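This report looks at aromatic ring pairs and at one helix in the structure shown below.

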Amino acid sequence: MSATATRLRRIAAVATAAVAVTACSGAVLLPPSVSSNDRGVGPVVESMRRTISDPNAIVPSRSVQESTLIGASSTSPLDILVVGGGATGCGVALDAATRGLRVGLVEREDFSSGTSSRSTKLIHGGVRYLEKAVFNLDYGQLKLVFHALEERKQVIENAPHLCHALPCMTPCFNWFEVVYYWMGLKMYDLVAGRHILHLSRYYSVQESIELFPTLARNGKDKSLRGTVVYYDGQMNDSRLNVGLACSAALAGAAVLNHAEVVSFLKDEGSERIIGAKIRDNLSGQEFETYAEVVVNAAGPFCDSVRKMANKDAQSMICPSSGVHVVLPDYYSPEGMGLIVPKTKDGRVVFMLPWLGRTVAGTTDSNTSITALPEPHEDEIQFILDAICDYLNVKVRRTDVLSAWSGIRPLAMDPTAKNTESISRDHVVCEDFPGLVTITGGKWTTYRSMAEDAVNAAIKSGKLSPRNECITGNLRLVGGDGWESSSFTVLAQQYVRMKKTHGGKVVPGVMDTASAKHLSHAYGTLAERVATIAQNETLGKRLAHGYPYLEAEVAYCARNEYCESAIDFIARRSRLAFLDTDAAGRALPRIIEILAKEHNWDRSRQKQEMQKAREFLETFKSSKNAQFHDGKH
């Protein structure tokens, strides 16, 4: 009886909260807060939009960007120097540059090389946070959900070629779960208000199987009673990050990847940070860059940056690891994800279609901070065990095409009196004069995190921006004018000119798969890539079974700061994340094209091959992992 009573109380709590939210909809949902994005900055937005969406615009070369940073002297400093080229850092650079500020950004590795390329690929409001808000009567958690749902819609609208709505199915194995999840997800719809993607709904067992053919009707001591489907967003995370970096560059920011901060420059009298000593990791050259304010957006590594300023700085990062595996496409249908809110050990598990394959994973677990995190075999096995309980497919370890781990920087505010509480929201602080740190949060809210960080930097440096934040209504490069049907232009007007092994040039069809891939990856700039494929005989696919073309390597080297083979296989294309073995097979040709673009000698090409193979070994696919197949 006690279990039944608990269930009834839970349903009653959700119902009461749903009624409360509905009753408050006039006050909470309908009149949105007036943000800086709505305050009469139309002409500025239009001017910046034209600059970023200009089909003939070319990002400044890497050498030009480096020269700009070197030229930022003590008498003519930058307004803001950003440390870190992930989603937040590039978001800060774009936000500040579009406010008319002088901005520089340095990234030790590549844009999106850390946490930002190893995400779940979801743009979400946080269903779990909503559940906690209801049961703990926590208004703070509820505000997080409101805010994230608003940002979710903006991310999708600002990069429509890289983001889309994805239906996610939650299986129910008793009628309590049907009622509980249906009511909870209806509340999620209500909280979303005008930012809703699509309405959630219940599907019968038969309808569910038709939508998700590999979903098991019967599990261990349980039978499917139906499913509840709701919508969240999905993205190509690293390409979105690279789009932010390129948009910032077009807006006037000097962005430089493969360049790290070695030390900070301080004012002799006040001890305020006034710049940084930077090392170009490609050339080995070191130089000084001066700035009114430095913004630390180094993600999991923000504590090490803070300790450059003050070796006694209190740590504020509590690292959390999320492991993901990639499986063949037949594990899940193309347009439907599967999310189980609570597995046998209480964790969430999900299976999502992504770029023609299936990504499976679970929620975060504690970890230590490392430059290149690797998934442990027991974590991979846990994911396979967990999804096995919900599928009618034999789940095999040999089906794992790639597996990776990402570190999420959960943050504690070092200035807060109570440091026991880890924030799921982001933290902005200036615990050393001239150094503003932004960390925590999640991909979905990167834009508002950047806005808060720039606001703090403006206050710290007494800067004078030309206008307020406009990024809430600013399409990223390739996004303005893009339509889901844009791929048809590529399919109809371009051919893929390919060179055979004998040296003969032959035309190939720009097939639908290649055209769709180019359109979604590059947006309105896809015709530039197609032109290279047609006019420079670079129309051949890089790997069998994948739509990536040789032309993309040349395009990314010229227009997206692709400086290494790893940059391409991991961040410009997603081949390393989708299929480790296929990425390895494509490496010789990728390096050959990059060598021509960057004038690499034989020694550099050999070095690139070695580094890339070592990198791929950290992706624990069935090809490069030691495992016992067991029940899989």
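Tyrosine 188 and tyrosine 230 are both buried, where buried means under 20% relative accessible area, exposed over 50% and partly exposed in between (1.4 Å probe, protein chains only). This is a predicted model, in which local features need pLDDT of at least 70, side-chain atom pairs count only at pLDDT 80 or more, and totals for chains, interfaces and linings use all residues. Residues are numbered from 1 along each chain as its sequence is written, and side-chain values use heavy atoms, with hydrogens and water left out.

A search of the whole structure finds 11 aromatic pairs; rings of Phe, Tyr and Trp (its six-membered ring) pair if their centres lie within 6.5 Å, and planes under 30 degrees apart count as stacked, over 60 as edge-to-face and the rest as tilted. Two of these pairs are listed here.

| Pair | Centres apart | Angle of planes and class |
|---|---|---|
| Tyrosine 180 and tyrosine 181 | 5.5 Å | 65 degrees, edge-to-face |
| Tyrosine 188 and tyrosine 230 | 5.8 Å | 85 degrees, edge-to-face |

Because tyrosine 188 lies in helix H8 (residues 175-192) and tyrosine 230 in strand E8 (residues 226-235), their pair ties together parts that are 42 residues apart in sequence. Helices (H or I, at least four residues) and strands (E, at least two) are DSSP runs, numbered from the N terminus. Tyrosine 180 and tyrosine 181 are both buried.

One aromatic cluster is formed by Trp404, Phe577, Phe615 and Phe619. Of these, Phe615 is among the buried residues of H21, together with Arg604, Glu608, Ala612 and Leu616, whereas Arg602, Ser603, Lys606 and Gln610 are exposed on the other side of H21.
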